[in-house]
Every structure is written in structure tokens, then in C-alpha cells.
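I opened the model to look up the annotated positions and their surroundings. These are my notes, in the order I worked.

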Amino acid sequence: VMAALRSLGPLLCLWALRLPTGPGAAARPLDIASYRERVRAMFYHAYEHYLESAFPYDELRPLTCDGQDTWGSFSLTLIDALDTLLILGNVSEFQRVVNVLQEGVDFDIDVNASVFETNIRGEVGFSVVFMQDYLFVRVCAVHRVNTPVIQKYDVSAFQTPTGMPYGTVNLLHGVNPGETPVTCTAGIGTFIVEFATLSHLTGDPVFEDVARKALKALWKNRSDIGLVGNHIDVITAKWVAQDAGIGAGVDSYFEYLVKGAILLQDKELMSMFLEYNKAIKNYTKFDDWYLWVQMYKGTVSMPVFQSLEAYWPGLQSLIGDVDNAMRTFLNYYTVWKQFGGLPEFYNIPQGYTVDKREGYPLRPELIESAMYLYRATRDPTLLELGRDAVESIEKISKVDCGFATIKDLRDHRLDNRMESFFLAETVKYLYLLFDPDNFIHNDGSVFDVVMTPYGECVLNAGGYVFNTEAHPIDPAALHCCRKQKEEQWEVEDLMREFYSLKKKTNKKFTFKRASDQGEGESAKDPEDSSSEKGGEKRNSRKNLHSLLSCPSQSFTSKLAVLGQVFLDNT
């Protein structure tokens, strides 16, 4: 009887979600302005302590108030938090940090870098420039100058018989001779958003070409029932880990098919995702949960929910499948309410955490889905998740020097680490959930027209596409910067003409514009700090020091045997 009741736990929690929690609770609206300011305070509490105690190290250690290098000593937290400053409206600090990073970060060094993590975290150079017109025209020239460096350590990884990239390269020497050919699916299929952007910026098609070839290689090697596994040999195209699902090791591959299709208006990418979506529903979906199955047979290999899977409802909302998205979101929300966060692995039949996977490193995925779904539905339940996230993180994770990873959600023990994605994603999505008028949510009614030597460019019209590290790309700017490879833009002439025309005409093209938002004000539209010498734009492709192609789930971690996770240390 007890076992039966335990198995009903998630369903009972889901039912409880629909009930008021106290007198008048059903009618009491959430004070989103208050929570928005609390999120802002969360950001600055973590950000300022990073600057005071950890910079120039990669990450803050909040329990000991010092720093540590985790990816190669490139001030990763500062790089990852850069565009969050703009979303919060702090243009002056954004400009200062851009200058600091441009002057102080060296990429041409003897360090091993994860190609996957370098791409998703280090592409801040794309995101920030598309938010401010004074930086927009500069980026084409900046990225053109740095193209050879980018090619050396990123594109060289794709030089395999299959076109699927190695997981790690050395920034000075390229792919190491003894580099493992085994890479996770996400580490192969998570490039089209950033690489297509880079091709548009530079006029060099090689970046988009290698990203597309890798996507098509995965598509070609899917199983007969339409699924892909978790790890593959990029030399032989043989699947090494054959567990199929939507979580760690696979997740952002599906995400980038959808976002790449939206960003590039590419029907082929969308049709690929829709075919995968059919197979995912047929073989992995059970009662609005998604399990792990054997990629060739479709038999369940691991009945768990991984916290990284919580991006899926947000992705469903992007293709208009809102009803299914909400049902799955509510399942995931029950887990949050059970623990005050999402454990890395959650055993669905048992309704509890999985051994050695009880932690919550302040991941953003469920909050990300809430932000997307709230934009689509305005369902107040989604704001309630945001409220619960703020309350949980502040109560459990906040310490004197920042916010600490929760090592174990069962007893709320903490770990001495604050990962960079907390400022890049978690806080950003929370803020955007509670800031419906943020410029990121622009519906196209407000925009800028910027003059270039090649005509007018529309910028800041909305429709931003977030990469998987929550760095937004303006598709209008992407289109505007597109040009043929043979076109040569001289930086000096470009900047002289741009600033000359801007002084005369730039504001005249804006239908309406909010006043300049400084620190402490809501970021409805980061405005016109172009007069402050236009913040310098650097190519911020991050260097990572990692031997794993997918740090979130190493190859040595076998997925499942009879539904139980175990480590293979042999």
C-alpha cells in the first residue's frame, strides 16, 4: 500500500498545485515588480562579490569568498554575465566590462578547450552587439579580424571523416593527436546558431557549412525508429552510448534545430526536428514525462527525469505545442515543489532523487521554460514558479559572498561553487519572467534604423533568439550584417561614416524610445549610450580547460542498467 501511495506522490502534488494555498490565495495577484527588484538584487549580490572576491578567476567560491579557475582562467563569470547587465539596463557597467575584457583576455595560449562549451558560453560577442546599435556596425570588422584565430581552434575540430567535431581542441596547437573521437550528440549538434551568425558577420561561409554538415551527419546516423543516441565516434560514426532521450548529452541538439530554423528561416532544420519529435513522442513520452530508451529498440533504459530536460516545455512552446508543454511543465514543477529545486536526476516511479544525483547547481532550465510559456499563455502558475524559485534560492542558497550550489536537496547542504550560468541564465530568465516590458520582449512596434555604407539596417525590433546559454541574438542584425565574402569593409571608413550619419539621423528613425536606463532602472530598451565612445566589441569565444566533450554528463558515466544510474570506473 505504501509503495502504491508513494508512486502517486507526483500526481497528488500536481493536484495540489491547482488549489489555493490559503485564504484569498486564489485571487491574490503576484507583485511582479517586487519580485523583479528582488531578482535584480540577487544579480548584484552575486556579481559584486564575484568582482570583489573572485575576479579574474573563472568562478566565485561563495563559501570561502575567493575564486577558482574551472575552464582555463578567462574570467568566465564576467564574460557570461555581460549581456545580463544590458537586460538589467546597466549600460555603463556593460561598457566598462567590455573594455576590461578586451584589454585583459588572451585566447592564443596553450590550453585545451571544450568546443561545445566554448561555443555556447563564449559567444557573448554575438549577443551583446545586437542589443545596441552603437556596437552593431563595429562587430563585422572585429569578427573579421579574429576569424583566423576562431578557425584554428573551432573549425579544425570539424576536420573528421564524418564532419562531426572532436570534443576538445588546444587553442595553440589544434586537435591533440591522442584526442578521443567519442563526442556527445549535443557536442556535435549545438553550433548552427552561433556559427551561422559568425558566417553572416564575417562573410565567410565555412562556419555555417561545418555546422550544417555536423547536423546532417547526426540526422543520417539516426536509428531506424528515428532516435539518436548519447555519444558517437566521430571517426567511424558508430554509436557508443545508445540511450536516447531529451536530456544531458542530447538536449541542445534538438534545441538548435528549432532555434536555427527560426533564426535562419530554414524549413529543413524544422522538418528534421518535427520528425525527431514524432519519434520522441512515440518512444520516450509516458504520461507527459520523458524517459530514456534504447535508440534501436525503444525499450526503456532509464525511467528518470533529469533537470537538464526542463528546457523541453519552452522548446515546445516555440513550435506552438503549448498544451503539451504546460502538462509537462506542471510535472516538472511538482518536483521543484517537493525539494525547493530540481535534483540532477529524479526517479519517476519512485518519486525521489537518484543516488549521487541529489544536487541542484542553480540551473535555469525550468525557469527558462516558465519564461517562454508565460509569454505564450500568461498563465499565473508560471509566475508562481518564478516566485518559488526566488524564495528557494534566497532561502537555501544565498550566503554572504554570493549564491552557492546546493549539493543535496534533501538536507540543503551547500557546495563551494557558483557556476557562471547562474548570472548568464538563471537570473536573466527570472528577470525576464517578471519584466514583461523588457526590450527583449519587443513585438516589433519599436525599432531603430541605422545607416551603413550599404544602406539602412533595422535593429532592436525584437524576436531575439537565445542560444543555449541564454545569450540573445537579434535576427534583424544578423540579416543586416550578411554580405558576400568578397565585400571588404574598411574599419576606419565604416566607423567614420557610421558615427557621422548617426549624429544626423539615427534618432529620427525610431518610432518611440524609452529614456536611457542606467543602473537600478528597468531595462525597457537599452538606449543610446553610443555617445559614450561606443563600447569596444571583442570576439569573446571562450577557452575551456576540459577533457570532456560534455561536462554535464561525462562519457564514463553510463546512463542506466535496469533504471539505475551507475559509474563505470573500469
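Before using the record, I noted that UniProt positions follow the numbering used here, that feature names are shortened, and that annotations may be inferred rather than shown by experiment. I also noted that this is a predicted model.

I looked up "active site" in the UniProt annotation, an unreviewed entry, and found E117, D251, E344 and E365.

I took E117 to begin with. I found E117 in helix α7, residues 115-122. Is E117 buried or exposed? E117 has a relative accessible area of 6%, so it is buried, the limit being under 20%.

I went on to E365, which lies in helix α17, residues 365-377. E365 counts as buried at 10% relative accessibility. I then listed its contacts, leaving aside neighbours within four places in sequence, and got S307, L308, A310 and Y311.

Helix α13. I looked at this helix, residues 251-264, for its span. Its 14 residues reach 20 Å from the first C-alpha to the last, close to the 20 Å expected at 1.5 Å a residue.

Binding site entry. I looked up "binding site" and found that UniProt, again in an unreviewed entry, places this feature at T468. T468 sits in the loop between β22 (465-466) and β23 (472-473). I checked the cover on T468: its relative accessible area is 16%, which is under 20%, so T468 is buried.

Which residues does T468 contact, apart from its neighbours within four places in sequence? I listed I120, T190, S252, E255, Y256 and E425. For E255 I also noted a polar contact, side chain to side chain with T468, at 2.7 Å.

Whole chain. I closed with the totals. I recorded 21 helices and 23 strands in the chain. Of the 570 residues, 63% are buried. Among contacts between residues at least 6 apart in sequence, 73% join residues at least 24 apart.

Conventions. Residues numbered from 1 in each chain as written. Predicted model: local features only at pLDDT ≥ 70, side-chain atom pairs only at ≥ 80, totals over all residues. Heavy atoms only, no water. Helix = DSSP H or I, 4+ residues; strand = E, 2+ residues; numbered from the N terminus. Buried < 20%, exposed > 50% of the residue type's maximum accessible area, 1.4 Å probe, protein only. Contact = heavy atoms within 4.5 Å. Polar contact = N/O pair within 3.5 Å; in protein donor to acceptor, adjacent residues only side chain to side chain. Expected span 1.5 Å × (residues − 1).
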